Amino acid sequence: MDSTKIIEILAYTIPALITGGVAYYLFNSYFKDQQNTRRWLLQKEAQKDALPLRLQAYERMVLFMERINPTKLLIRIAPISNDKNDYENLIIAQIEQEFEHNLTQQIYMSDECWTIIVTAKNSTIQMIRKANRSESVNSADKLREVLLNDLMEKQSPSNAALAYIKNEVSQMW
């Protein structure tokens with residue numbers, strides 16, 4: 001083969017390779033962009049459905065925190081007997097029942113928020129148990145009195161969790 005034939009073949013091949021490379025790059029970029037656009041649209045559509053569910057979960061957890069707030073809990077649940085241990089068990093059973101009723105809401109909120117909610121629940125239970133072990137408590141009514149006095153001096157765990165929930169919901173906008 002002479003050199004003119006090689007130059008002629010290269011003159012046709014090099015532009016074809018460059019054109020093919022550019023076309024491949026453009027089509028590849030276009031398809032990736034289309035895939036990202038579809039993914040974004042699907043995510044946007046899913047968020048339309050998920051946002052009301054997430055807000056409902058936060059609402060239910062706010063209601064849970066309000067219901068286990070010891071000041072409201074002690075007013076709502078009157079002692080059935082004068083035995084302080086029976087009353088302690090009744091209050092703790094109510095808290096656990098409320099918690100189990102709202103257990104599935106954790107899938108709609110952040111792990112940190114859920115941890116704070118569980119901590120508030122456990123702290124409330126611990127507060128009730130600690131007050132019941134106090135030497136001054138000898139009846140269910142005295143247990144209520146000690147718990148309410150204790151809450152006048154410090155903030156209830158559910159109030160701290162409520163503040164965190166409100167902050168997390170405000171960040172959703």
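Visitor: At what angle do H1 and H4 pack, and how far apart are their axes?
Guide: This is a predicted model, in which local features need pLDDT of at least 70 and side-chain atom pairs count only at pLDDT 80 or more, while totals for chains, interfaces and linings use all residues. Residues are numbered from 1 along each chain as its sequence is written, and side-chain values use heavy atoms, with hydrogens and water left out. With axes taken as lines fitted to C-alpha atoms over the stretch in contact, and angles running from 0 to 180 degrees between N-to-C directions, H1 and H4 pack at about 15°, their axes 11 Å apart.

Visitor: Are H1 and H4 roughly parallel or roughly antiparallel?
Guide: Angles under 35 degrees count as roughly parallel and those over 145 as roughly antiparallel, with 65 to 115 roughly perpendicular and the rest oblique. H1 and H4 are therefore roughly parallel.

Visitor: Which residues of H1 are buried?
Guide: Buried means under 20% relative accessible area, against over 50% for exposed and partly exposed in between, using a 1.4 Å probe and protein chains only. The cover over these residues includes helices H2 (70-76), H3 (84-101), H4 (111-133) and H6 (157-170). The buried residues of H1 are Ala 57, Tyr 58, Met 61, Phe 64, Met 65 and Ile 68.

Visitor: With which residues is Asp 141 in contact, leaving aside its neighbours within four places in sequence?
Guide: Asp 141 lies in helix H5 (residues 140-153) and, at 45% relative accessibility, counts as partly exposed. Taking contact as heavy atoms within 4.5 Å, and leaving aside those neighbours, the partners of Asp 141 are Pro 79 and Asn 82.

Conventions:
Helices (H or I, at least four residues) and strands (E, at least two) are DSSP runs, numbered from the N terminus.
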